[in-house]
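Please look over the sequence and the model shown below before reading on. The briefing that follows goes through the structure topic by topic, for a reader who is new to such descriptions.

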Amino acid sequence: MVSYRETPRNRVILLGASNLTLSLRLVTHLMQQRFGGPSEILAAIGHGRAYGSANQVLLRGLPGINASGLWPQLNSAEVHPTYALLTDIGNDILYESAPEQILRQVEWCVEQLQMQSAKIVVTNLPMASIEDLSERRYTFYRNIFYPFCRLPRSETVSRVRAVYQGLIDMASRRNFTLYEQEPVWFGPDGIHVHYWKRRAFYRDVLKHFAVPGSNNKSASGESRKESGLTWQRRPEFAYKTLLGRKIHCQQPSGWLADGSSVFKY
């Protein structure tokens, strides 16, 4: 077993919400297959997480990704090859933020990452899956996941289209890779990746990182490497509120068996 606090070979930055939260260890494993490890992992994630809006799920509250402690940590950290995945862009829409505001928030993240010479992949909104939602299905899932939102389906789809096109324009202007999400990956709510398709989905996303000299590992090699990515200590949020009480946790708060450190914001 590898000891804690191994010198990282690279830095992995993960920004997202439920999809990334449910697949944190899987995505780390797949990224390290491509880039090597151990890694310094900076993750701003969480169910219901948004880029600009603070959110609360049940009793737990989190700041927006832009307001998290990830950015001061990134700016003060040692230089390493850096790979950033930005995904789950769209929760801000159901928190009733305007498309222009959402795009500004995402572009700010991209700008900060490019200042660190990060290789960046951004997943676009799953436009086709969202458009396929019937009025009844849309209302049902909106009331479950965003109970305080009262946007009608027509307005939500209009805002999704604006953000979708805005990200296309931004990718061209800012020169990052934009991944188009196909409906085949998603469950009945149109926004969450089907549980049994997560590995294939993230493989497809991550192959868009340009890594000179990378190649696919054998299945047996994958099993050996994945055994090194069991949790030695599960990460905790650097800052959250619980029933309105502020809770802080020193970072890094998580460790994987290969020596990778996890900073969770």
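**Briefing: pocket, sheet and backbone**

The largest pocket holds about 830 Å³ of space, where a volume is the space filled by probe spheres set on grid points that are joined across faces, edges and corners. A pocket here is an open set of points on a 1 Å grid over the protein atoms alone, places where a 1.4 Å probe fits, with protein on both sides within 12 Å along at least five of seven lines, and a lining residue has an atom within 4 Å of a point. This is a predicted model, in which local features need pLDDT of at least 70 and side-chain atom pairs count only at pLDDT 80 or more, while totals for chains, interfaces and linings use all residues. Residues are numbered from 1 along each chain as its sequence is written, and side-chain values use heavy atoms, with hydrogens and water left out.

**The largest pocket**

- Of the 43 residues that line the largest pocket, Asn91, Leu94, Phe145, Tyr146 and Ile191 are the closest to its centre.
- At least two lining residues come from each of α1 (18-22), β3 (55-57), α4 (91-94), α7 (135-145) and α8 (153-174), where helices (H or I, at least four residues) and strands (E, at least two) are DSSP runs numbered from the N terminus.
- Helix α7 gives the largest share of this lining, namely five residues.
- Sorted by class, the lining has 25 nonpolar, 14 polar and four charged residues, with Ala, Val, Leu, Ile, Met, Phe, Trp, Tyr, Cys and Pro counted as nonpolar, Asp, Glu, Lys and Arg as charged, and the others, Gly among them, as polar.

**The sheet and its helices**

- Eight strands form an open sheet with mixed pairing, in the order β7-β6-β5-β1-β2-β12-β11-β8, and two strands pair if DSSP finds at least two bridges between them.
- The edge strands, β7 (177-179) and β8 (231-233), each pair on one side only.
- From one strand to the next, the twist averages 20°, with axes taken as lines fitted to C-alpha atoms, for helices over the stretch in contact, and angles running from 0 to 180 degrees between N-to-C directions.
- Strands β5 (residues 82-86) and β6 (residues 119-123) run parallel and are joined by four bridges, and the bridge partner of Leu86 in β6 is Val122.
- Helix α5 (residues 99-115) packs on the sheet and touches β1 (10-15), β5 and β6, its direction making about 170° with that of β5; contact means heavy atoms within 4.5 Å.
- Helix α9 (residues 198-206) also packs on the sheet, touching β5, β6 and β7, and its direction makes about 155° with that of β7.

**Residues in loops**

- Lys197 is placed in the loop between β7 and α9, and it counts as partly exposed because its relative accessibility is 30%, given that buried means under 20% relative accessible area, exposed over 50% and partly exposed in between (1.4 Å probe, protein chains only).
- Apart from its neighbours within four places in sequence, Lys197 is in contact with Val184 and Trp185.
- A cis peptide bond with omega of about 5° joins Gly37 and Pro38, and Pro38 is in the loop between α2 (24-35) and β2 (39-44).
- Asp88, in the loop between β5 and α4, has a positive phi near 55° although it is not glycine, and Asp88 is buried, with a relative accessible area of 15%.
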